[in-house]
Amino acid sequence: MAFFCDFDGTLTPIRRNPDAVGLAPRVRGLIEELAESGIIVGVVSGRKIGDVRKRVGLRRIWYGGAHGLFLRDREGRTHSLAKPGHKARIREAANLLARQIRGASGLRIERKIATVALHYRGAPLKSQAIARNAVARAMERDPRLCLLASKKVWGLLPDAQSDKWGAISFIMKHEQRRNSDGPWLVIFIGDDATDERAFARMSGISIVVGEKTKTAARYWLRSPGEVRKFLERLNATRR
Ligand SMILES: [Mg+2]
């Protein structure tokens, strides 16, 4: 079995300030127990890889940052799924966004290595319209960019290939080369637009978190609290 999950909104409730989000010790313990029982475990987030690793705080599991563009394996080696040219195109898009939103209140640009995010949580409607226009301009300029609309944030990725399922597939291939076990039953839990793209492409057990009316996932859990209960039961079946 291989277990993958998103971080924000899946393992932890969404907070107004993303910097204030931490992992409950109980959930950390459950993920650790899962990894120690011998299954492959990975946390794949839209955050920077060092950020999500710090917040989860476990060794011997995989981490994915920037929606899976960057990976860190169980031995601590990093892998980049970003292609040459991605960084430069994202830098250009970020610069264009910065010019477009200059002077608008409540907007914040987050530059990551190969993605850029435009946060509009709490911004006045006028600013939100400016943000929407800025994103449209950036995509007009570089039509290969892929837009991810999440909770109060527009994300731009270099192209449509860079999604979490690409990252999970990379991890499975990597693990298969190292040991002949497999094929594995893949479980993936997430709550976001980027997770939906993985649900649509994956086989295995896909689980969406939250009260979604439209989803490509096969199963659903209501909240991060129910994710915790799921982890408890999953561990119980392996003891
Ligand atoms: Mg999420």
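Modeller: Gladly, and please keep in mind that this is a predicted model. The domain assignment of the protein gives domain 1, made of 2-81 + 162-238, and domain 2, made of 86-157.

Colleague: How many residues does the contact take from domain 1, and how many from domain 2?

Modeller: The centres of domain 1 and domain 2, taken over C-alpha atoms, are separated by 26 Å. On the side of domain 1 that touches domain 2, the residues divide by class into five nonpolar, four polar and three charged. The contact as a whole takes twelve residues from domain 1 and eleven residues from domain 2.

Colleague: Which strands are the edge strands of the open sheet of four strands?

Modeller: The order in this sheet is S6-S7-S9-S8, and the pairing is antiparallel. An edge strand here pairs on one side only, and this holds for strand S6 (108-111) and strand S8 (146-150). The twist from one strand to the next averages 20 degrees. The edge strands are thus S6 and S8.

Colleague: Which residue of S7 stands opposite Arg 111?

Modeller: S6 and strand S7, which covers residues 116-119, run antiparallel and are joined by four bridges. The two strands form a hairpin with four residues between them, and within S7 the bridge partner of Ile 109 is Leu 118. For Arg 111, the residue standing opposite in S7 is Val 116.

Colleague: Which residue in S9 stands opposite Val 116?

Modeller: S7 also runs antiparallel to S9, to which four bridges join it. Val 116, which stands opposite Arg 111, likewise has a residue opposite it in S9, and that residue is Leu 156.

Colleague: Which helix packs on the sheet by touching S6, S7 and strand S9?

Modeller: The strand S9 in question spans 153-157, and the helix that touches it, along with S6 and S7, covers residues 86-101. The direction of this helix makes about 20 degrees with that of S7, and its name is H3.

Colleague: In the open sheet of eight strands, what residue in S5 is the bridge partner of Phe 70?

Modeller: The eight strands follow the order S5-S4-S3-S2-S1-S10-S11-S12 with mixed pairing, and the edge strands are strand S5 (78-80) and strand S12 (219-221). Strand S4, residues 70-72, pairs with S5 in the antiparallel sense over three bridges. In S5, the bridge partner of Phe 70 is Ser 80.

Colleague: How are H5 and H6 oriented to each other?

Modeller: Helix H5 (residues 164-178) and helix H6 (residues 193-201) pack with their axes 7 Å apart and at an angle of about 55 degrees. In this contact Lys 164, Trp 165 and Ile 168 in H5 meet Thr 194, Asp 195, Arg 197, Ala 198 and Arg 201 in H6, which by class makes three nonpolar, one polar and four charged residues. An angle of about 55 degrees lies between the cut-offs of 35 and 65 degrees, and H5 and H6 are therefore oblique to each other.

Colleague: Is Met 202 buried or exposed?

Modeller: Met 202 is placed in the loop between H6 and strand S11 (205-209). Leaving aside its neighbours within four places in sequence, Met 202 is in contact with Trp 165, Val 186 and Phe 188. A residue needs 20 or more other C-beta atoms within 10 Å of its own to pass the cut-off, and because Met 202 has 20 C-beta neighbours inside 10 Å, it counts as buried.

Notes:
Residues numbered from 1 in each chain as written. Predicted model: local features only at pLDDT ≥ 70, side-chain atom pairs only at ≥ 80, totals over all residues. Domains from an automatic or database assignment. Contact = placed C-beta atoms within 7 Å. Nonpolar A, V, L, I, M, F, W, Y, C, P; charged D, E, K, R; others polar. Pairing = 2+ DSSP bridges. Axes fitted to C-alpha atoms, helices over the stretch in contact; angles between N-to-C directions. Parallel < 35°, antiparallel > 145°, perpendicular 65-115°, else oblique. Buried ≥ 20, exposed ≤ 12 C-beta atoms within 10 Å, placed from the backbone.
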